Amino acid sequence: MAFIENNENGLVYMTSSVIRARHAFTTRYGGVSEGIFASLNLGSNRGDEPAAVRENYRRVCALMGAGIDEAAVTKQVHGAVVRSVTEEDRHVCMSAVPYEADGLVTAVRGLPIMCFTADCVPALLCDADAGVIAAVHCGWRSSVGDILKNAVEAMEALGARKERICCALGPAIGRCCFETDDDVPDAVTAWLGGEVGGLFTRRADGKTLVDLRAANRRRLLQLGLREENIDVSEECTFCSHDKYWSHRYTRGQRGSQAAVIVLR
């Protein structure tokens with residue numbers, strides 16, 4: 001298992017060796033946005049120039065072998081809803097998304113699906129044999145809402161089997177930088193049924209550092225995924241704020257990266 005950095009015509013993105021489908025975890029590199037959004041911003045509601053965002057989308061969609069208006073995207077609300085999408089959900093770039101969901105699944109070939117992050121954990125899942133994929137935004141609220149369970153069940157409804165599902169948890173804020181009050185570790189402890197050994201570092205000032213990626217990996221194991229089918233990025237978006245968008249580092253003045261996957 002390994003995360004690999006790729007560069008295609010200046011578009012820099014990460015891939016995981018466990019995912020047997022075309023996919024990408026984008027970075028800040030390879031777009032046309034300027035100023036605080038330089039350069040690959042995929043957030044259409046952050047204040048960036050619409051023409052620049054469209055061109056950034058065009059480049060990412062082209063990487064997936066699709067046109068700019070051929071992907072399915074989400075309106076994320078830090079919830080646990082996972083939507084199964086079809087041809088009818090292809091999204092006209094920069095138009096309003098008519099539904100709210102923090103995860104998408106599909107069995108439609110040639111339909112890229114994507115979620116957006118800027119510190120939260122992006123998860124791409126794939127059962128290549130069944131031809132079923134998912135893209136899931138795992139912020140801490142979505143995580144403890146059990147969005148990964150919902151995603152796995154939605155994939156199974158389309159023919160996937162959990163012992164075949166592979167998952168890559170992409171670049172996100174690491175335990176080193178995810179400082180929280182007690183509400184987060186308390187919610188994670190309840191979500192994981194108390195199986196939280198090694199996930200928290202309690203500080204003398206009363207704050208807790210939380211390893212959200214490791215927590216999501218633990219939940220995948222609880223759900224029945226195989227250890228060898230789970231890959232976890234070691235890159236922290238806060239530490240690597242030059243490479244990735246980090247909401248906490250920029251105090252909200254930032255763009256968004258995407259996790260995108262497509263069945264060919």
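Strand 14, which spans residues 257-262, is mostly covered in this predicted model, with 6 of its 6 residues buried (buried means under 20% relative accessible area, exposed over 50%, and partly exposed in between, with a 1.4 Å probe and protein chains only). Strands (E, at least two residues) and helices (H or I, at least four residues) are DSSP runs, numbered from the N terminus. In a regular strand, side chains alternate between the two faces of the sheet. In strand 14, Gln257, Ala259 and Ile261 point one way, Ala258, Val260 and Val262 point the other way, and all are buried.

Two strands are said to pair if DSSP finds at least two bridges between them. Strand 3 (residues 22-26) runs antiparallel to strand 14 and is joined to it by 4 bridges; Arg22 has Val262 of strand 14 as its bridge partner. Strand 6 (residues 113-117) also pairs with strand 14 in the antiparallel sense, over 5 bridges, and the bridge partner of Phe116 in strand 14 is Ala258.

Several backbone features lie in loops. The peptide bond from Ala38 to Ser39 is cis, with omega near 0°, and Ser39 is placed in the loop between strand 3 and helix 1 (50-63). His78, a residue other than glycine, has a positive phi near 60° and is found in the loop between helix 1 and strand 4 (82-84). Asp119, likewise not a glycine, has a positive phi of about 150°; Asp119 lies in the loop between strand 6 and strand 7 (121-127). His78 counts as partly exposed because its relative accessibility is 42%, whereas Asp119, at 7%, counts as buried.

Residues are numbered from 1 along each chain as its sequence is written, and side-chain values use heavy atoms, with hydrogens and water left out. Because the model is predicted, local features need pLDDT of at least 70 and side-chain atom pairs count only at pLDDT 80 or more, while totals for chains, interfaces and linings use all residues.
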